[in-house]
Amino acid sequence: MTAHSAPQVRLRKGRDAAVQRRHPWIYSGGIASVEGHPPAGALVAVLSAGGDFLAWGHYSPESQIRVRLVSWEEAEDVDAPEAWRMRLLRALALRRHLGRDSQTTAYRLVNAESDGLPGLIVDRYDDVLVVQLLTAGADARRELFADLLGDLCRPRTLYERSDVDILEHEGLEGRTGGLRGEAPPPRVDVLEHGARYGIDVVAGHKTGFYLDQRENRRRFGQTVAYLGLGAEAQMLNVFAYTGGFTVAGLRHGLGRAVNVDSSADALRLGQENLRLNDLDPARVEDLVGDAFEVLRQLRRRERSFDAIVLDPPKFAFTQRDVKRAARGYKDINMQAFHLLKPGGLLFTFSCSGAISADLFQKIVFGAALDAGRDIQIVGHLSQSADHPVILTFPEAAYLKGLICRAMP
Ligand code: SAH
């Protein structure tokens with residue numbers, strides 16, 4: 001296919017600067033005309049208002065993000081299976097060190113735009129691969145990606161979990177189910193820095209586990225160990241999911257934990273995760289409920305904790321949600337500060353892309369002020385390195401966190 005024979009998307013005048021800076025998205029508002037009736041997911045040539053070739057992309061007729069760019073080289077045969085194979089190989093090569101780490105068997109193999117593969121997420125859980133196809137372009141190449149991943153990774157199971165809300169904006173229905181190999185086992189057991197976790201790839205959140213927090217779970221374990229928080233110390237894990245941070249904390253010396261989550265199923269798997277690590281489930285108290293309410297109850301009961309983790313779901317989906325989300329973050333952080341012992345440690349996170357790291361720090365500051373606590377920041381956190389952020393696409397950086405300490 002050449003730029004002349006492919007369907008063409010012509011930009012409005014003055015809209016090519018971002019493309020030239022290699023930002024991988026073209027919004028519908030920047031487009032002057034579309035020629036050649038491209039179907040959903042088709043390869044299109046993107047041209048400047050003057051008709052010069054700018055880039056190749058995949059067409060999403062229903063989405064505000066109308067084109068996802070895949071190459072800026074006119075001569076590249078970007079949609080050839082071999083070209084996709086090379087891109088997958090590159091993403092895999094960048095994770096080779098993870099493949100050699102015998103203590104970690106769960107991580108992200110492909111992180112969409114940042115790996116030059118827009119719309120494609122691939123997570124590894126031991127010998128099970130879970131994929132998400134999140135754009136019309138990726139969806140149209142399901143069989144190709146399944147063949148290539150089957151061939152390159154030889155997983156026991158290749159399973160699809162394209163069941164996320166954002167697919168609506170792409171005009172896609174979403175799809176879950178087996179793609180290649182055996183049906184997924186009810187629980188896949190993985191290692192993460194030596195800790196064992198059971199993963200439900202069929203019914204769990206996202207592709208089964210919050211892999212973006214892997215390095216932060218490790219940091220949490222290391223930090224409680226460095227500080228010498230021992231058997232008498234107690235942690236509170238709010239938005240605990242399957243207790244990832246709890247396992248990390250107890251394995252590194254903390255005595256007891258309270259888990260809070262609205263999902264009873266997630267907490268149940270959290271109990272199994274304790275047993276998988278030879279940790280006595282009696283050391284952990286599970287509270288099923290709304291964190292906003294449970295934190296207040298804990299305060300009324302005059303509970304206090306040596307270490308707290310706050311890892312809420314995304315509160316802001318777009319810029320319009322930022323104000324409301326900021327109130328939510330401020331509230332839970334204020335409640336957490338009330339529950340923190342003098343000298344205690346708070347790991348607090350936001351996974352909302354629309355909330356910048358700077359704004360998040362300001363929100364946490366406001367929460368400390370209202371709680372009347374003097375708080376130090378002793379560390380800054382982000383998503384794990386297998387969720388890289390390509391510099392041309394800063395939007396890929398969504399997870400931010402602070403390690404805070406309450407001044408005695
Ligand atoms: N820290 C976890 C991931 C947390 S994801 C880990 O390391 O694995 C966010 C969690 O918040 C999900 O498990 C979800 O069930 C839970 N959740 C969402 N809204 C909630 C609410 N209002 N109250 C309590 N839990 C909530």
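Predicted model: local features only at pLDDT ≥ 70, side-chain atom pairs only at ≥ 80, totals over all residues.
Biologist: How many helices and strands does the protein chain have?

Modeller: Helices (H or I, at least four residues) and strands (E, at least two) are DSSP runs, numbered from the N terminus. Counted in that way, the protein chain has 11 helices and 20 strands.

Biologist: What is the radius of gyration of the protein chain, and why does it agree with a compact globule?

Modeller: The radius of gyration is taken over C-alpha atoms, and the globule rule is 2.2 Å times the number of residues to the power 0.38. Along its principal axes, the C-alpha trace spans about 70 × 45 × 35 Å. Because a compact globule of 408 residues would have a radius of gyration near 22 Å, there is agreement with the value for this chain, which is 23 Å.

Biologist: What percentage of the residues of the protein chain count as buried?

Modeller: A residue is buried under 20% relative accessible area, exposed over 50%, and partly exposed in between, with a 1.4 Å probe and protein chains only. Of the 408 residues of the protein chain, the share that counts as buried is 56%.

Biologist: Among contacts between residues at least 6 apart in sequence, what percentage join residues at least 24 apart?

Modeller: A contact means heavy atoms within 4.5 Å. Among the contacts in the protein chain between residues at least 6 apart in sequence, the share that joins residues at least 24 apart is 65%.

Biologist: Which element gives the largest share of the lining of the largest cavity?

Modeller: On a 1 Å grid over the protein atoms alone, a cavity is a set of points where a 1.4 Å probe fits but cannot get out, and lining residues have an atom within 4 Å of a point. Grid points are joined across faces, edges and corners, and a volume is the space filled by probe spheres set on the points; a search of the whole structure finds 1 cavity of 30 Å³ or more. Leu120, Val131, Leu133, Arg142, Phe145, Ala146, Leu149, Leu158 and Leu179 line this cavity, and the elements that give two or more residues to the lining are strand 9 (128-133) and helix 5 (142-153). The largest share, 4 residues, comes from helix 5.

Biologist: How many residues of that lining are nonpolar, polar and charged?

Modeller: Here Ala, Val, Leu, Ile, Met, Phe, Trp, Tyr, Cys and Pro count as nonpolar, Asp, Glu, Lys and Arg as charged, and the others, Gly among them, as polar. The lining of the largest cavity divides into 8 nonpolar, no polar and 1 charged.

Biologist: Is Glu160 buried or exposed, and why?

Modeller: Glu160 has its place in strand 10. Leaving aside neighbours within four places in sequence, Glu160 is in contact with Val131, Leu133, Arg142, Arg175, Thr176, Gly177 and Leu179. Because its relative accessibility is 0%, Glu160 counts as buried.

Biologist: Where is Arg141, and is this residue buried or exposed?

Modeller: Arg141 is in the loop between helix 4 (136-140) and helix 5. Beyond its neighbours within four places in sequence, Arg141 is in contact with Gly41, Ala42, Leu43, His58, Asp79 and Trp84. With a relative accessible area of 9%, Arg141 is buried.

Biologist: Is Arg217 buried or exposed?

Modeller: Arg217 lies in helix 6 (residues 214-227). Not counting residues up to four places away in sequence, Arg217 touches residues including Glu192, Tyr197 and Phe209. At 4% relative accessibility, Arg217 counts as buried.

Biologist: What is the phi of His37, and what is that of Arg154?

Modeller: Most residues other than glycine have a negative phi. His37 is found in the loop between strand 3 (31-35) and strand 4 (43-47), and counts as exposed at 78% relative accessibility; Arg154 is found in the loop between helix 5 and strand 10 (157-162), and is exposed with a relative accessible area of 63%. Phi is positive in His37, near 45°, and positive in Arg154, at about 45°.

Note on methods:
Residues numbered from 1 in each chain as written. Heavy atoms only, no water. 1 Å grid on protein atoms, 1.4 Å probe; cavity = no way out; pocket = protein on both sides within 12 Å on 5 of 7 lines; lining within 4 Å.
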